[in-house]
Amino acid sequence: MQKITTDIVIIGAGAAGMMAAHFCALKGKQVYLLDHNKQVGRKILISGGGKCNFTNIFGSSAEEYHSENKHFVKSALSRYTCYDFLELIEKNKIPYEQREVGKLFCLRSAKDIVNALLEQLQKPNIHLKLEQKNLDVEIHDDGFRVFNSHVEYFCNSLVIATGGIVLPSIGASDFGHKLAKRVGHKILPMSPALVPFKVEGWSELSGNAIKAGITCNGYYVAENVLFTHKGLSGPGVLKASLFWNPGDFIEINWLPQYHISDILKSASGQKQLNSVLSEYLPKSFIKLFFEKIDFDSSIHIAKISKKEELMLEKNLHHMVITPSGTEGFRKAEVTRGGVSTEFISSKTMESKLQKKLYFIGEVLDVTGQLGGHNFQWCWASAYAVGQAIAE
Ligand SMILES: Cc1cc2nc3c(=O)[nH]c(=O)nc-3n(C[C@H](O)[C@H](O)[C@H](O)COP(=O)(O)OP(=O)(O)OC[C@H]3O[C@@H](n4cnc5c(N)ncnc54)[C@H](O)[C@@H]3O)c2cc1C
């Protein structure tokens with residue numbers, strides 16, 4: 001069996017692990033970066049529809065994250081911001097564009113991000129080892145033994161960057177969660193997030209999108225809702241899903257920028273309701289909406305009673321929908337929950353239960369909102385560990 005002694009082993013060559021290897025190596029440490037995949041950063045490659053929304057120019061504040069301890073992310077995020085990551089983008093001359101609400105995407109391909117991260121790994125003190133299957137960890141008084149049947153690595157510090165459990169088909173595993181549990185960390189229930197909802201009865205609108213307001217457990221977002229064969233998707237729905245638990249309802253405002261009573265007041269009494277509303281909503285939506293609420297949309301505006309107006313208001317501005325579920329880990333972008341931050345240092349990412357053991361990226365109970373915040377968490381937590389390990 002091959003035997004290797006090193007300062008640091010990082011398990012997981014995704015966004016967080018690759019970045020951490022770079023930061024640790026900058027401090028002169030010998031780093032082994034291990035992954036069971038054949039290829040690094042597979043999730044980066046498929047992110048943002050292949051264009052990777054790598055950060056958010058409006059910044060990533062604690063409000064953009066779901067975590068049991070909402071203060072946990074503050075220290076790391078404040079020490080490594082979107083501008084720090086932009087330096088890497090600009091150094092590598094990666095063309096990018098800003099989309100709505102500050103999201104930065106590659107113009108060419110997410111490959112540009114993986115290549116930039118790989119380029120950073122080209123240092124004599126970084127050793128990237130792929131296809132490291134069936135790894136296990138032993139904890140000794142003087143460090144860690146990371147091993148499989150072919151090789152054993154002895155290291156002083158161990159960084160776990162194995163991510164969440166979304167998409168096992170491209171390498172996701174619960175390795176980090178199991179190790180954390182072994183040393184006494186709580187694992188918060190894991191559920192799919194940034195994921196479409198399954199909702200019956202809207203499939204005939206499949207492919208259409210409407211800007212709507214969605215409220216879920218006190219969280220409100222006004223963005224596009226996309227109708228799918230299985231229910232509802234689009235940025236508004238994905239964002240709301242971060243706050244949804246099975247059995248919860250969501251409330252949809254189909255006309256967030258207007259109010260039905262103003263629309264009715266300003267319309268001619270001779271006009272039909274469906275023709276007035278068609279100035280605000282797609283005809284196909286209007287047809288299905290009125291079928292659902294069982295109301296004759298050809299009614300003339302002058303004929304609408306106060307009671308009917310209130311009923312229209314309730315359904316147009318406060319429609320309550322209870323999704324039967326989500327499309328699950330297969331379609332989710334991230335895992336909500338994971339290794340509890342309760343006994344993790346927010347400054348260094350080190351376990352308070354096991355010295356020199358660090359957790360970074362999505363394996364932790366830190367789930368970012370849609371918009372580049374998940375990658376920004378990976379970069380920032382990797383930076384925090386790089387600074388701490390070198391001390
Ligand atoms: C379809 C999709 C689109 C997304 N788009 C965006 C986006 O545009 N912007 C954004 O901010 N976020 C996006 N995300 C979320 C983002 O990709 C993740 O939050 C981020 O990749 C997490 O990085 P990580 O390094 O913590 O984990 P990962 O990227 O999952 O990396 C973990 C690594 O650990 C390895 N590993 C796991 N188990 C083991 C083991 N037992 N032994 C050895 N190696 C192991 C894996 O092979 C993998 O390489 C998207 C996610 C998906 C699924």
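**Close-up views of the predicted model**

Figure 1. Strand E5 (residues 96–98) runs antiparallel to E6, to which it is joined by 3 bridges. Strands (E, at least two residues) and helices (H or I, at least four) are DSSP runs numbered from the N terminus, and two strands pair if DSSP finds at least two bridges between them. The model is a predicted one, in which local features need pLDDT of at least 70 and side-chain atom pairs count only at pLDDT 80 or more, while totals for chains, interfaces and linings use all residues. Residues are numbered from 1 along each chain as its sequence is written. Tyrosine 96 has cysteine 106, in E6, as its bridge partner. Between the two strands of the hairpin lie 4 residues, and valine 101 takes a positive phi near 45° there. Strand E6 (residues 103–106) also pairs with strand E3 (residues 53–56), in the antiparallel sense and over 3 bridges. In that pairing asparagine 56 stands opposite lysine 103 of E6.

Figure 2. The loop between helix H4 (82–91) and E5 holds lysine 93. Although lysine 93 is not a glycine, its phi is positive, at about 50°. Most residues other than glycine have a negative phi.

Figure 3. Aspartate 294 has its place in the loop between H10 and H11. Its phi is positive, at about 55°, although aspartate 294 is not a glycine. Aspartate 294 is exposed because it has 6 other C-beta atoms within 10 Å. Serine 298 is also found in the loop between helix H10 (283–293) and helix H11 (306–317). With 9 C-beta neighbours inside 10 Å, serine 298 therefore counts as exposed. Beyond its neighbours within four places in sequence, serine 298 is in contact (C-beta atoms, placed from the backbone, within 7 Å) with Gln272 and Asn274. Its C-alpha atom is separated by 26 Å from that of glycine 207, which is 91 residues apart along the chain.

**Figure 4. The nonpolar cores and alanine 20.** The largest nonpolar core has 71 residues, of which Val9, Ile10 and Ala20 touch the most other members. H12 gives the most to this core, with 10 residues. Such a core is a set of buried Ala, Val, Leu, Ile, Met, Phe, Trp, Tyr and Cys residues joined through C-beta atoms within 7 Å. Leaving aside neighbours within four places in sequence, alanine 20 is in contact with Ile10, Val159, Ala161, Ile360, Ala382, Val385 and Gly386. Another core lies apart from the largest one and has 33 residues, among them Val166, Ala240, Leu242 and Val334.

**Figure 5. The open sheet of 7 strands.** The strand order is E17-E16-E13-E14-E15-E12-E18, and the pairing is antiparallel. Strand E17 (319–321) and strand E18 (325–326) stand at the edges with a single partner strand each, so one side of each is left without a neighbour in the sheet. Strand E13 (residues 209–216) pairs with strand E14 (residues 219–227) in the antiparallel sense over 8 bridges. Isoleucine 210 stands opposite valine 225 of E14.

Figure 6. The domain assignment, which is automatic or from a database, gives domain 1 (2–192 + 335–389) and domain 2 (197–326). Taken over C-alpha atoms, the centres of domain 1 and domain 2 are separated by 40 Å. Domain 1 contributes 6 residues to the contact and domain 2 contributes 5. The side of domain 1 that touches domain 2 has 2 nonpolar, 3 polar and 1 charged residues.

Note on methods:
Buried ≥ 20, exposed ≤ 12 C-beta atoms within 10 Å, placed from the backbone. Contact = placed C-beta atoms within 7 Å. Nonpolar A, V, L, I, M, F, W, Y, C, P; charged D, E, K, R; others polar.
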